[in-house]
Amino acid sequence: MVEKSVSISGSTHMVCLLGKPTHHSLSPATHNLSFAQAGIDAVYLCFDIENDNLPEALATMRALDTWDGANLTMPAKQAVVPLLDELDEAAQLMGAVNVVSCRNGILKGYNTDGVGFMENVRKHGVKDKGAHMVLIGCGGAGSAILVQAALDGVSTIDVFVRLGGGSEDNARRLANPLHDRTGCSIAIHSLADVQTLQSCVAQADILVNSSSVGMGEASTETPVPADFLQSGMAVADVVYFPRETQLLKDARVCGCTTIGGLGMLIEQAAAGEKIWYGIEMDTDLIERELYR
């Protein structure tokens, strides 16, 4: 087991998680181990904060030369946007931020959730450029995946949502700007339209479940019937508890490339460290020491 103790000095820098609640987060264990292994004199902490107090917190970040940035969790991901000086492209499109960097008092926001997902897909040997993706759900994670998949060159995305809810609103808000920016063809369908779902999955290179269906230790639910899956396609799930959801079990039996949700979690954390300190997280170490 790798030693995970954190050494604090008079010059130690800080990154943190802001939002509420934060105390359940695995981010401190992840980043503090990574910082120690990389020789970065920094510590990662969590702070529960109400949205009304974000302006004061960010003003303090600007003023302190050792506070290098933060992660944002709900409900702060949207509330922080108007308080920042700059946004990356994904954050601009989504209107949500999960990483903030502070350099010389300038605060820049990023959204690395989709970056983490797409990097995890590529690490499994799946080609994304020119691919046809079917995306189930378009909540927070699904919106991030939709945006980054289009930015990274996925050519066609069929989005299946429950009509009349927030997921449909997200998909419709993003579809035209993404098409105009990337040329990606995005179609929005009802999740209840099983015939269209089967037809789209039959043509897809990558199937993604971004919904919570399948979450929980004993869950046998799946958003896509097993007989819709095609051998050779890639099937990804953002759910990471259990590590292998029913969807991924069915996909493995069918001969698909299966991609679990834990990799997205680790890769989005790695993207944050690259932004803050320009380092490459040892993602294999993090998974081996903290998540197995």
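**The second largest pocket and its setting**

A: The second largest pocket has a volume of about 380 Å³, a volume being the space filled by probe spheres set on grid points joined across faces, edges and corners. The model is predicted, so local features need pLDDT of at least 70 and side-chain atom pairs pLDDT 80 or more, whereas totals for chains, interfaces and linings use all residues. Residues are numbered from 1 along each chain, and side-chain values use heavy atoms, without hydrogens or water.

The lining of this second pocket consists of 19 residues, and those nearest its centre are Asn120, His124, Leu262, Gly263 and Glu287. (A pocket is an open set of points on a 1 Å grid where a 1.4 Å probe fits, with protein on both sides within 12 Å along at least five of seven lines; lining residues have an atom within 4 Å of a point.) Two or more lining residues come from each of helix 5 (113-123), strand 12 (257-259), helix 10 and helix 11 (283-290); these are DSSP runs, H or I over at least four residues for helices and E over at least two for strands. Helix 10 supplies the largest share of this lining, with five residues. By residue class, the lining has eight charged, seven polar and four nonpolar members. (Asp, Glu, Lys and Arg are charged; Ala, Val, Leu, Ile, Met, Phe, Trp, Tyr, Cys and Pro nonpolar; the others polar.)

The setting follows from the division of the protein into domain 1 (13-110 + 264-291) and domain 2 (114-259), bounds that come from an automatic or database assignment. Because both domains give residues to its lining, the second largest pocket lies between them.

The lining of the largest pocket has 40 residues, of which Thr73, Lys77, Asp113, Tyr240 and Leu265 lie nearest the centre. Helix 1 (27-38), strand 3 (67-72), helix 3 (76-79), helix 6 (140-151), helix 7 (166-182) and helix 10 (261-277) each give two or more residues to the lining of the largest pocket. Helix 10 gives six residues to that lining, the largest share, and in the second largest pocket helix 10 likewise has the largest share. The lining of the largest pocket is made up of 19 nonpolar, 18 polar and three charged residues, whereas eight charged residues are found in the lining of the second largest pocket.

The two domains also touch directly. Their centres, taken over C-alpha atoms, are 26 Å apart. Twelve residues of domain 1 contact 21 residues of domain 2, contact meaning heavy atoms within 4.5 Å. The area buried between the domains is about 1300 Å², and carbon and sulfur atoms give 63% of this; buried area is the accessible area (1.4 Å probe) lost on putting the two parts together, summed over both. On the domain 1 side, the residues that lose the most area to domain 2 are Leu93, Met94 and Met264, which together make up 50% of what that side buries.

Some backbone features of the model complete the account. Phe241 and Pro242 are joined by a cis peptide bond with omega of about 5 degrees, and Pro242 is in the loop between strand 11 (234-237) and helix 9 (246-254). The bond from Lys20 to Pro21 is also cis, its omega being near 0 degrees; Pro21 lies in the loop between strand 1 (13-19) and helix 1. Asn104, in the loop between strand 5 (99-103) and strand 6 (106-110), has a positive phi, near 55 degrees.
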